[in-house]
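Trainee: Could we go through this one together, starting with the ligand?

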Amino acid sequence: MTHKLFLLVLLPFVFLLILAGLYFPRETKKAIPVRQVKQYYRQHTVALDSAVTQLRQAVAQNAQTTLIHQRFREARLAYKRVEYLLEYYNPYTAKHLNGPALDEVEFDDPLQRTIPPEGFQVIEEYLFPVYDRQQKQALLDEVSLLASNIRRLYYIFDATQFTDAHLFDAMRQEMFRIVTLGITGFDSPVATYSIPETAAALESLQNTISLYQPQLQGPHLPLSAALNNDFANSIRYLRQHSNFNAFDRAEFITRFANPLTARVKEVQQALQIPVGTELRAVSPDAANLFAENAFNVNYFAPDYNSHTTPERVKLGQVLFFDPVLSGNGNRSCASCHQPEKAFTDGQSKSIAFDFKGQVSRNAPTILNAGLQRSLFHDLRVAYLEDQASDVIASASEMHGDLQRAVNDLRTSPEYVELFRGAFPQAKNEPVTERHLKVAIAAYIRSLTALNSRFDQYMRGDATKLTFILYPFSTAPCRRIMTKRKAKFWAFPPQKIQPMRN
Ligand code: HEC
């Protein structure tokens with residue numbers, strides 16, 4: 001009897017063991033790429049460390065400037081070989097290594113203290129365009145700081161969990177980084193070495209994905225071959241066109257970067273590696289950065305309850321054109337943001353409330369405002385939801401009162417109906433200040449217009465632009481892309497100190 005009981009208790013364990021035996025051999029084989037990438041990360045961090053040490057030695061020993069420059073470039077290449085992993089798994093360290101060479105002020109620091117920058121880009125400014133040897137000690141200090149930041153990584157490898165899904169996600173993000181911050185020279189504004197750096201970054205991706213290629217068998221063999229081709233062609237193009245100033249970004253993006261990004265996604269699907277579902281600015285299933293669905297406006301909303309729905313957009317649109325929001329009932333949002341003028345009023349400065357003079361700025365377009373991290377010229381508001389109350393209450397703009405507007409709206413059965421449709425979960429009173437703001441914000445988020453001829457051209461339809469695009473680095477574009485201050489206008493300002501007027 002006890003024997004029987006014993007066997008009965010044992011049985012589930014035996015069963016589990018058999019299951020585990022069936023399961024784990026496959027798992028271990030599948031885990032190979034992840035393990036090898038971890039090894040790669042470690043090895044190439046050591047290589048980066050030693051490249052930076054060599055740079056330091058060259059500076060310390062007063063080597064010739066050409067040698068110091070060469071050491072700097074080698075260190076940057078070493079950085080690019082780990083960039084995609086570093087940025088993904090250790091973004092905080094990545095920022096110390098390759099953040100912009102700009103003082104930073106935390107938005108929410110009441111004392112507004114300045115945090116000095118550090119890393120490659122600071123070092124670059126000591127070395128390029130000409131190295132001023134008077135600055136040697138300061139430069140050495142910066143290089144030492146860089147080295148110590150790199151060494152911090154040694155302590156965190158083991159704690160980092162790698163998965164296939166994360167690696168593909170990281171590779172995808174690196175492709176976007178290459179297109180926006182790499183080939184533009186954004187993360188290396190003076191050394192003009194960004195094109196060879198891009199080749200190094202792509203090689204690191206190729207290396208990673210090649211670890212998965214043995215799993216692409218049978219019907220997937222052509223895909224594997226196409227992937228090889230895409231990588232080889234992209235890298236060859238970069239090698240053959242390494243001159244920063246002459247590099248044709250539009251051609252590289254349309255002919256190489258975009259198709260390659262799409263191909264990596266195809267490989268991920270073929271391998272049945274899941275795509276992340278978390279909310280992202282760039283949608284995880286966009287084929288490339290210029291795809292029509294590339295950006296997810298809901299990422300820019302303050303919370304889940306503010307996400308966009310067609311009913312909210314509709315209500316927001318009605319409110320946008322309704323003067324009920326203004327103090328005198330004469331003015332709506334659309335008075336200054338007129339759809340037929342690309343949601344501006346065409347004035348150099350907007351006409352103030354009651355036509356008493358002008359407000360101090362012009363009304364900017366609100367097309368694509370839903371994709372901004374902050375709003376207004378001084379970035380004073382983070383969310384569209386808060387922006388509306390700012391404008392409605394402003395004496396010179398609408399001189400309105402949200403609570404009064406809400407009271408008015410409650411008396412209108414049509415509005416109550418629209419509010420109820422837009423906020424079905426509201427139990428009692430659907431017409432509230434909060435809902436009004438959410439609806440207007442939803443309408444503005446629906447005004448995302450990324451389908452200009454330029455967009456279509458960048459998506460690969462070469463017939464859409466008949467003129468030659470300026471290479472980014474020449475004439476007017478150069479002014480935008482390389483002057484540090486102008487970066488503010490060219491890119492989302494999250495890393496940059498707010499401008500004061
Ligand atoms: C009197 C004209 C006027 C009216 C009316 C008006 N705006 Fe504006 N709007 C402006 C001006 C001027 C700015 C720029 C202010 C600044 O940058 O400080 C602006 C900025 C904005 C922005 C920020 C755009 C950006 O890129 O930062 C949004 C969004 C916006 N308005 C939406 C609205 C909404 C919604 C309403 C109605 C509730 C509205 N506006 C009513 C003139 C107006």
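Mentor: In this predicted model, α13 gives five residues to the shell around the ligand, the largest share; helices here are DSSP runs (H or I, at least four residues) numbered from the N terminus. Residues are numbered from 1 along each chain as its sequence is written. Local features need pLDDT of at least 70 and side-chain atom pairs 80 or more, while totals for chains, interfaces and linings use all residues.

Trainee: Which residues come nearest to the ligand?

Mentor: Of the 27 residues around the ligand, Cys333, Cys336, Ala363, Leu375 and His377 come nearest, where being near takes a C-beta atom, placed from the backbone, within 6 Å. Two or more shell residues come from each of α12 (333-336), α13 (384-393) and α16 (433-446).

Trainee: Switching topic, which residues have the most contacts inside the largest nonpolar core?

Mentor: Leu48, Val52, Ala75, Ile123 and Met171 do, in a core of 58 residues; such a core joins buried Ala, Val, Leu, Ile, Met, Phe, Trp, Tyr and Cys through C-beta atoms within 7 Å, buried meaning 20 or more other C-beta atoms within 10 Å. Helix α3 (residues 65-89) gives the most to this core, with 10 residues.

Trainee: And where does this core lie relative to domain 1 and domain 2?

Mentor: The core lies between them, because domain 1 (32-161) and domain 2 (163-295 + 454-501) both give residues to it; the bounds come from an automatic or database domain assignment.

Trainee: What is the average pLDDT?

Mentor: The protein averages 86 on this per-residue confidence scale from 0 to 100, but over residues 471-501 the pLDDT is below 50. Where pLDDT is low, the predicted coordinates should not be read in detail.

Technical notes:
Buried ≥ 20, exposed ≤ 12 C-beta atoms within 10 Å, placed from the backbone. pLDDT = per-residue confidence, 0-100. Contact = placed C-beta atoms within 7 Å.
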